[in-house]
Every structure is written in structure tokens, then in C-alpha cells.
Amino acid sequence: MRVTRRQFIKRGAGMVTVGMVIPKLLLSDARAEQIEFTPHRKLVVIQLAGGNDGFNTVVSYTDSRYYSLRPTLALRETELRTADGASTIISNQFGLHPAMAEIKHLYDAGRVAVVLGVGYPNPNLSHFLSMDIWHTADANGAGSRGWLGKYADLALIGQPNLTAASIGSLDLPKSLGADRFVVPNIINFSLYNFLADPNYPGDYNNQLNTFNFAASRTMSAGSFIGAVNSTAFESVRGAQQVQRSVSAYKSSVSYPANNPLATGLQMVAQLMATVPEASLLYVQLGGFDNHSNQIGDKQGDRSNTRVGDHATLLKWFSEAIKLFHDDLTEHGLADEVLMLQWSEFGRRPGENASFGTDHGTAAPIFLIGNPVRGGLYGEQPSLAPTELDPAGNVKFRVDFREAYATILDQWLGADSKAVLGAQYSNVGFLG
Amino acid sequence: MASITYDEGAHLLRRMGFGGSPVEIDEVTLLGREGAVDQLINYEQIDNRAMDDLLRNSFDFSDPVDSPRFNRGELQRWWFTRMTYTRRPFEEKMTLFWHNHFATSASKTGDLFIYNQNLMLRSHALDQFDNLLLRVAQDPAMLLWLDGVTNVRGKPNENFARELQELFTMGITDVITGEQNYTEEDVKEIARAFTGWKFFHPRFDPNPYSYQFIMVEPEHDNTIKTIYDGTPWARTGNLSGEDVIVTVSARRATARYLVKKLFEFFVYPLDGSAADKATIEKFADVYMNRNHSIKELIRAIFTSDEFFSDRARFALVKSPVEIIVGAIRMLGARYNPGTSAREGASNNTLAAISIFLGQELFNPPDVSGWKLNLGWINTSTLLNRFTYADLLVVDRPRDLNAPGLWLSHEQLRSFAKKNSKKTVKRLLSTLGPLDVGGEMIGALRAYLERDDQGNAAGFALDDLTVDKKVRGLIHLIMCLSEFQLN
């Protein structure tokens, strides 16, 4: 596999890149309801896909029900310690998973807001529907536009430089689905290029101009071919800019190669450090659907609840956030970046027989960065038997759209009602 | 038996396979609608020995523990080789449909079980749906993938029970009525019906691939279950997994859902209009009346007026596999997969590229499969499609017997015509036929005629033009938005 990937990349290295004339943009119709673009207020969304287990992320270590529902998975108070022995307890009720040493450190510095009990009415236990609900901010997950795509349609159209991108993943998350704005999706920078035959470098401009002629044609709006064509145009335009910019990035922060989220966040840092307008970035980390083997080492020993699939993922999350935050600080960007972490649902408080947990409902979300007012928000859902629904799941306390509204109103300077379609109260983690 | 047009033949081969060469398209047009579809779906009658020989010479799967010869990359190379060389394209296309429908990833199951699953899906691709679904439910890869092996009495695991209903059969809500098809209670009850389902390798069986399904009695919940309570499909009793499969397969909601999935994979995306609902019902009737036969449903769909309608033409976005294999088959490019016999002697370009286009075979993103149509398209995956086109045209190997992917000079020469207009039209036809309009044809002609300074210099049918401009033209046509559609 690597061989061809290298070939793919090597083909890029030998390429003569020639400046291109950017054909006129087809954007004139879109200015009516614009809101102001705020390049110094950047948002990085971190999606933990699969349904993160909130009860083992923020541990209610004084709740006896937590321990009775999870005889093997529960983390004891004495286990809320990092590998170095530092406590991860954040209040007289809650502690962070012991794998989250770096997040605990940032929490102590006032850089982390934890909103407890985040969900929505009539919770859906399907990954796909629940993700769509979060992506679209629509109660039924309907439509192809995401909440950030709607924001992009209002704020980002007409900006000549790259303002938004999904990073490190093969697919563009629906949160970034827009009507008119094409959000770039960048898997990695070296592949993000328009290549032609290296045997005839003199023909490159002819190739590029013919391509641009094709991608500038007017195609019927709303059709597949129209969407493909506008994406084609944006892809080559953005590729030229990325190839010009990102190589200027230098940093003393070293991101470990075995942490996929760190790889993605390094690319985010690289873009932010070299393209001043890059302000809406999105990364994903998958693997949170821990129906089984949530705890336990590779030999199948389940006695240590602090190791296992979930611990590894939270470690990646925590470590990547710290390195990214350090990198932003080094580039003087830390005051400009707000991070939002979410997952499509939490997991059921009661464990299953596979050392895992099934699909749940509400869970905490994290907001991280210098702009955040750190601390605990929301309320932990009750685990009392009478408070659980027939599937054994908890009731949500904070609607996720309240968190979105807070970000839109108090950070991005957008009217949250215009984006979300309804008024939601603000949570208080900003301002 | 009325023949079909060249464009209809090309459409049929693109959808039921990966696109045809001009000769292959001419052959199917003569057979007429029913004849052509019959030939494509009765694929077991087609001589495929050339591909079988190639596979035998190119792969060594004799020992699944021999990881240099048997691994995920090799499995991907194997499937791409099949798709590129098979004379039974619909067999591979339908297997791909089921791989997407019952999306299972080797990342959790391991390579041996995903390989077995692929063979199973291929041999039951046109079976009765109940039979296929039972095979899938008892398939080791699926039992691992959706945690069936840890679904035991007293502590059921809901993973398979949920996806069985949500993704494999009916969907959360009825495609036509919008009514909820099942409740959370049904998920729990059905999970209990499948408790104790496991697999094992028979102790003295020398074949390392032969695994068998077994229901482990002590782990199976032998108590009363009630499913679909208060509906016409309600059943109660000591239900087994088999009972559930029979019940679900017989529900009209399943027929409708399967028709919708088949349409959106093979014909065109459906909207919620009355006309489209009638279309779904028409084909759902075929499923219900023909004993849930996938083959009869498929025959009805591909011979239908809907399939041959204008609406269906280029109504889908090509998947990465369709882009990759399609270009090779349409152009008659050469892909030599090499052999696993010695180090560095194989070529896995196609599988590697497919990953960067967003479709890693045997590793779908999740149990809902790949997101089709515009789900394939974003700025990265499109740039990677363009890079694939570039890769296909720029390799000029010295050794024509070496592993690799290329277009030979002779092949390129056959595309080049005496003037730029004919050359452009020939390649637009071969790679489609694509209707791109007069202006675009003009721009492609201008490309052929332009020198390195961008001046019009004319078109001469010489070796340099063929090597430079005809290769460049293929690259540009494969970058057109029209080429991304199917």
C-alpha cells in the first residue's frame, strides 16, 4: 500500500507548478444575508465518532448507582489517577478518565469547559440518525446542510483564501454541508495537488487552463453534476493555495505519528499558521463504538479498568489537544482558537456482557482553549432507576443546540437563530 | 428481440458492470434488452477460465497464516484483478453491492473471515433474500463484526439486532408510509433470539478456511420473545434467529427498503414523489410475488423502462471502483497485477488508489457502508480522481510484462484520428459516451492544438502528439465532471 502512496506523492514532487489565472468566481448572487467573517475567531470541531462513553469520560465517583450499573467497567475513586499518579478529580463529584492527563492539566488552568448531560429530546440510538441530528441541528436530522455549512454560506462566501476545511478524513462531515459554499476536504497536503504529465512540463498550463475552463462552466444547480463541477473548481483553486502556503510552517512541537487525531490537528495548526483566514476546521477520531473490549489489555485481562480501547482513544484525544494547544501558543494563535468536542451519543450507564456498553443518550461535551471560561456546566443526568428510560438510558439536561448557539452568538458573531432556525439559550462557557 | 442503442448498451454495461469496450458494447446492443440482461445475470454460464487462470498464477492463498501471501492488501489486489478481468462483470458488481449493504470491515474481523464472507456473498448474490440473510447472520465475519459472538443469554448485545433491522432489511421507518418499523423493545427481543450464535473450526478438518456456524445451547436464551407486538407481523414464542429472519424477510417494509437500495445503487436516486412511491411498490411486488428472489427482482429492475429512461442516464456518481476499473476496461488499458510469488513482483496500484478515492475494499467506513453519489465527492477525493487519471496516462514501462498499469502507445494510436475533432469525439465516446456540449469539445480540441506557449499550432498525427497530447486528452476527459457520473 505504502509503495503506491509514495508513488502518488512522488508524482507531486517532480511537478512544475505554474501560477494560474483564477477564473472569475461564480458568487455574485450570495451576498444578500451575509454576516461578517471573523478570521481571528477560529473554531476547531473535534468529532469523536461512534458514541463516546460519557460516564467513563467524566466519572461520577460518588454515585453508588454508577458502580452498581458497571460492576466491571466502573473507575473507582482510587483509579482516577494518571500514569504519573496525579489525581484526575476535578470536583467533589467528578473526575476525568485517568487517560486524560493533559486535559486535566488544561482544566486546572481554566482552559476547559465541560458541559454535562448534553443530548436532545426523543433521543435516537442509531449512529447515523443521531449523527445527522447533531450535524444538521435538525430534530429529525433532515436535509444535507449542516449547521456549520449554513454558517459558511452566510459568512465565508467570497473570501479569496482558504477559510474552512475538514482535515485528515476521506469524507466531508455533514456539519460542513453547505448550499453554495464548497468546504474543502484535505486528507493530506502532499496529495492535495493538480498533477499532469511530468514528461511534458511545458504542457502543464494548457492542462490547467483547459481544466479550469471545464470547471468554470455553468451547470444546473442542485444536480449531481453541478455539485461535482463546483467542487472540482474549488479543489484545484484550493490545491494551488495549499501548495503555495503550508510548506512555510515550522514548529518545535512534535506530534506522535501513532496518534491519528494528533496527525489531523497538526495539519490544522499548519494551515492556521500559514493561511491567516483559515478559521473553521474540522477533525474526526473514530472507534468509540465500544460494544466490546472497552476495558482490558491485549491478553484479555480485565482487571485493570484504566486500559483498553476506550482508554487508548481518550489518551489520543487528550495528548493531541495538548500538543495542538502548545503549537497554537507557539504561533501566537492560542487566544484565537476555540475547540468543540462532540459525539453522536453517550453510552448506556449499564454495561453489557462483552466488557462494553451499548448505545446511550446524553453525555458531556468539552470546549477547550484560551477563549473558554473553564469549569463545569450543565447537570449530570440521574442514574436512579426511576429516572432511566425503558432502554436504561438517561435523560438529557442540556440541548446540544444550546452549545451551538453559544458558539455562534458569542464567538463567531453570527445570529444563532438564523443558523439553527430557533432561539436557544446560551450555556455560559464563553464571554 | 429488438436491439438496443449503443448508448443504452453502454449504460447497461456501466451499471451492471464497470463499463465496456466498444466491442463489448456492440455485442450487448444486438441482444436486446431482455437478452442482454439475461446474459449478464446468468453469469454462471459465461466461460471465465482466463480470469481463473490469471488468479491462480497471481495469488497464493494456500495458507491464510502466511501473511506475506495472504493479507488485506493481497485480498484487495485479488478483488481488483477479478473486477478488471472477469467476463462476468455483474457477478462482481452484485458482490460489491452486498459488500456495501452488509458492510463489514476486516479491521475488526481479520482477513480470513472477510475473505470467506466475500466468497459467500458472491455465491449467494442472486439467491432468495432469506437464504442470503441467514448466511450473513451465521457468517463468522458478521458474528465478529456486530458482536454476535458475545451476545449471550442474560446479557444480550444489541449490535446485530439493531443493524439487522435498521440497515440490512427494513430501515428505521417504512420507505413508503414513513411509519416506524420496529421499537427499541424489538431490538432487545431480537437480540435475545440470536444469543449463543457462534462459529468454530472443525477439529480434524485440514482446510484452514473451513469454519462452521454453531448455536451454543447453554448460551442461547430459550425463553419466550415477543416481536412487533401489536402489528400484523407480531410473533411470540421461543423464537430463534431463523424465525426472526423469516419474519423480517417477509415484511413488505423489507421489500420496499431493498428496492430503494437497489435503485439508488443501480438506477437513480428516488425522491418522495407519488410516482417514485409507485415505482417502489411495483418492484416490491416482484420481491413479494417471486418468493423473495433477488435474481427476479434484479431482472425486473434492469429490464424496466425506469432503468432505460432518460432520468437514469448518468444519474449516479461513479464510485471509486467504477472510476478505476471502468477507465481500464473502457480504454483497454493494461493492468498486470503481478504475482505474490516473490517480493516486489506484484502491483497493488488499483487498491491503493481506491483508498485515496474513498473506497477501501474490505474496510467500509462503518456498518452503513459507503455514502454513495455525492458522498464520494469532496475536494480531496476529486483531486485524487484526477491524480488517478494522471497516473493511468503517464506510466510508460520499458518491460511490457512487468507488473503495473499503463496505456500502450499502440492503444493510444488507435484513439488518435486524423484531426483534433475526430480524436476528441473518439475518446469522449470511448470514455462514456459522454455528451459534453460543443463548447467543451472546442476547448478539448484547442488543447490538442496548443503548443507549450499556449499558441494554436495545429494537430499532427505523429508519435510526439500521441504520446503528449492524446495522453493529456485522456487525463483531461477523466477530469471532466461528466466522467464522474455513471
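Predicted model: local features only at pLDDT ≥ 70, side-chain atom pairs only at ≥ 80, totals over all residues.
Figure 1. The crossing of H6(A) and H22(B) is right-handed. On the side of H6(A), Gln207(A), Thr210(A) and Phe211(A) take part in the contact, and they meet Gly472(B), Leu476(B) and Cys479(B) of H22(B). Sorted by class, the residues of this contact are three nonpolar and three polar, with no charged residue.

**Figure 2. Chain B and chain A meet through 57 residues of chain B and 57 residues of chain A.** On the side of chain B, the elements that give two or more residues are H10, helix H17 (349–357), helix H18 (379–394), helix H21 (438–449), H22 and helix H23 (481–484). H18(B) supplies the largest share of that side, 12 residues. The side of chain B that touches chain A has 23 nonpolar, 21 polar and 13 charged residues.

**Figure 3. Domain 1 and domain 2 of chain B touch each other.** The domain assignment places domain 1 of chain B at 89–312 and domain 2 at 320–484. Between the C-alpha centres of these two domains of chain B there are 37 Å. In the contact, 14 residues of domain 1 of chain B face 11 residues of domain 2 of chain B. Four helices of chain B give two or more residues to the domain 1 side: H5 (89–101), H6 (106–109), H10 (159–169) and H13 (252–266). Of these, H5(B) gives the most, with three residues. The domain 1 side of this contact in chain B is made up of eight nonpolar, four polar and two charged residues.

**Figure 4. Helix H1 of chain B is mostly covered.** H1(B) runs over residues 6–16, and eight of its 11 residues are buried. The buried residues are Gly9(B), Ala10(B), His11(B), Leu12(B), Leu13(B), Arg14(B), Arg15(B) and Met16(B). The elements of chain B that cover them include helix H2 (22–41), H5, H13, helix H15 (294–302) and helix H16 (320–331).

**Figure 5. A cis peptide bond joins Gly432(B) to Pro433(B).** The omega of this bond is near 5°. Pro433(B) sits in the loop between helix H20 (420–430) and H21 of chain B.

**Figure 6. Asn293(A) has a positive phi although it is not a glycine.** The phi of Asn293(A) is about 55°. Asn293(A) belongs to the loop between strand S7 (280–285) and helix H9 (309–330) of chain A. Is Asn293(A) buried or partly exposed? There are 18 other C-beta atoms within 10 Å, so Asn293(A) is partly exposed.

**Figure 7. Phe355(A) also has a positive phi and is a residue other than glycine.** Its phi is near 55°. Phe355(A) is placed in the loop between strand S8 (337–342) and strand S9 (363–368) of chain A. Phe355(A) counts as buried because it has 21 C-beta neighbours inside 10 Å, and a residue is buried if 20 or more lie within that distance.

**Figure 8. Helix H10 of chain A is mostly covered.** H10(A) spans residues 400–410, and eight of its 11 residues are buried. These are Phe400(A), Arg401(A), Ala403(A), Tyr404(A), Ala405(A), Thr406(A), Ile407(A) and Leu408(A).

**Figure 9. Asp297(A) lies in the loop between S7 and H9 of chain A.** Asp297(A) has 13 C-beta neighbours inside 10 Å, so it counts as partly exposed. Leaving aside neighbours within four places in sequence, Asp297(A) is in contact with Asn304(A) and Val307(A). How many residues apart in sequence are Asp297(A) and Thr406(A)? They are 109 residues apart in sequence, and their C-alpha atoms are 40 Å apart in space. Thr406(A) is one of the buried residues of H10(A).

Key
Residues numbered from 1 in each chain as written. Chains lettered and ligands numbered in written order. Left-handed = near helix turned anticlockwise from the far one by under 90°. Contact = placed C-beta atoms within 7 Å. Nonpolar A, V, L, I, M, F, W, Y, C, P; charged D, E, K, R; others polar. Domains from an automatic or database assignment. Buried ≥ 20, exposed ≤ 12 C-beta atoms within 10 Å, placed from the backbone.
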